[in-house]
Every structure is written in C-alpha cells, then in structure tokens.
Amino acid sequence: QVQLVESGGGLAQPGGSLRLSCVASVSILNTYAMGWYRQAPGKQRELVATMTSGGSTDYADSVKGRFTISRGDAKNTVYLQMNSLKPEDTAVYYCHLDGRRSVLTSRADYWGQGTQVTVSS
C-alpha cells in the first residue's frame with residue numbers, strides 16, 4: 001500500500017514562509033507526477049502545484065510567484081516552498097502522486113493524509 005507522508009504544515013503570519021515535504025513510503029515503479037492540492041473549509045479541493053517526471057511544473061494562478069515546487073534527491077519526494085503567505089492560503093494541503101506501484105497494479109492516484117496550513121496574525 002502506498003502512503004504519502006507529509007510534514008511541514010503549521011501556523012504562519014501573513015508574509016511568512018512554510019515548507020511542506022512529502023515522501024512516498026514505498027518504492028514506485030513509475031511516477032508520472034507529484035504535487036500538492038489544498039482544500040479550504042467549504043471549498044472544493046484545488047490544484048496548488050504539480051511537477052511531472054520530466055520536470056514540467058504547473059501552478060495555480062493564485063500562488064504563482066510565491067510558491068515553488070521541487071523534487072528531493074530521494075526518489076518520490078516532493079517539496080512545496082511557500083513564501084509571502086496570505087490568509088487565503090489557509091487550507092489543508094494534500095500531497096498527490098500519479099503513478100504505478102508495480103507491474104501488478106494499474107496507474108492510480110495516491111493521496112496523503114493532509115497537513116494543515118494556517119496563515120494568521
């Protein structure tokens with residue numbers, strides 16, 4: 001079973017920074033993309049940033065220029081550097097992996113348990 005373990009959430013002041021980390025608990029045969037989504041209370045889950053295996057990135061318009069997604073040296077590790085945080089960035093942030101666990105499984109979406117990010121003075 002694939003588990004995505006997230007860390008780095010917490011409380012930040014407006015204008016502050018946080019860095020989220022995510023690592024897969026097991027090896028993955030093929031990883032097509034990893035990224036981050038978020039869900040604020042009463043809202044749908046939305047894409048924040050994603051990176052393909054080839055290194056292409058995509059960001060929500062609301063975070064462009066403030067957030068940066070990157071891969072770690074370890075396989076199936078992804079980071080989200082969040083700068084210039086705003087109160088509207090407050091949400092539960094979920095790590096996502098689009099991949100194939102092994103030759104015995106199909107391509108699937110895997111999700112972390114979520115980490116709370118709160119931006120408030």
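The side chains of His-96 and Asp-109 are joined by a polar contact of 2.8 Å (a pair of N or O atoms within 3.5 Å; within protein, one must be able to donate a hydrogen and the other to accept it, and residues adjacent in sequence count only if both atoms are side-chain atoms). The model is predicted: local features need pLDDT of at least 70, side-chain atom pairs count only at pLDDT 80 or more, and totals for chains, interfaces and linings use all residues. Residues are numbered from 1 along each chain as its sequence is written, and side-chain values use heavy atoms, with hydrogens and water left out. Helices (H or I, at least four residues) and strands (E, at least two) are DSSP runs, numbered from the N terminus.

**Around His-96**

- His-96 lies in strand β9.
- With a relative accessible area of 7%, His-96 is buried (buried means under 20% relative accessible area, exposed over 50%, and partly exposed in between, with a 1.4 Å probe and protein chains only).
- β9 and β10 pair in the antiparallel sense over five bridges; two strands pair if DSSP finds at least two bridges between them.

**The disulfide**

- One disulfide is found in a search of the whole structure (a pair of cysteine sulfur atoms within 2.5 Å).
- This disulfide joins Cys-22 to Cys-95, with an S to S distance of 2.0 Å.
- The pair links distant parts of the chain, since Cys-22 is in strand β3 (residues 18-24) and Cys-95 in strand β9 (residues 91-100), 73 residues apart.
- The torsion about the S-S bond of Cys-22 and Cys-95 is about -85°, so the disulfide is left-handed.
- Both Cys-22 and Cys-95 are buried.

**The four-stranded sheet**

- Strands of a sheet pair through backbone hydrogen bonds, either parallel or antiparallel.
- Four strands make an open sheet in the order β1-β3-β8-β7, with antiparallel pairing.
- β1 (4-7) and β7 (67-71) stand at the edges with a single partner strand each, so one side of each is left without a neighbour in the sheet.
- On average, neighbouring strands of this sheet are turned by 15° against each other, direction ignored (axes are lines fitted to C-alpha atoms, for helices over the stretch in contact, and angles run from 0 to 180 degrees between N-to-C directions).
- Four bridges connect β1 and β3, which pair in the antiparallel sense.
- Val-5 has Val-23 of β3 opposite.
- Gln-81 is found in strand β8 (residues 77-82) and is partly exposed, with a relative accessible area of 27%.
- The C-alpha atoms of Gln-81 and Ser-17 are separated by 7.5 Å, although these residues are 64 residues apart along the chain.

**Strand β4 and its partners**

- Strand β4 (residues 30-39) runs antiparallel to β9, and nine bridges join the two.
- Trp-36 has Cys-95 as its bridge partner in β9.
- With strand β5 (residues 46-52), β4 pairs in the antiparallel sense over six bridges.
- Leu-47 in β5 is the residue opposite Tyr-37.
- The hairpin of β4 and β5 has six residues between the strands, and Gly-42 in this hairpin takes a positive phi near 80°.

**Aromatic rings and charges**

- A pair of aromatic rings is described by the distance of the centres and the angle of the planes.
- One aromatic pair is found in a search of the whole structure (rings of Phe, Tyr and Trp, the last by its six-membered ring, pair if their centres lie within 6.5 Å; planes under 30 degrees apart count as stacked, over 60 as edge-to-face and the rest as tilted).
- The pair is formed by Tyr-37 and Trp-111 and is edge-to-face, at 5.0 Å centre to centre and 70° between the planes.
- Distant parts of the chain are linked by this pair: Tyr-37 is in strand β4 and Trp-111 in strand β10 (residues 107-111), 74 residues apart.
- Tyr-37 is partly exposed, at 22% relative accessible area, and Trp-111 also counts as partly exposed, at 36% relative accessibility.
- Arg-19 has its charged end over the ring of Tyr-79, 4.0 Å from the ring centre (NZ of Lys or CZ of Arg within 6 Å of the ring centre and within 35 degrees of the ring normal).
- The charged end of Arg-45 sits over the ring of Tyr-94, 3.7 Å from its centre.
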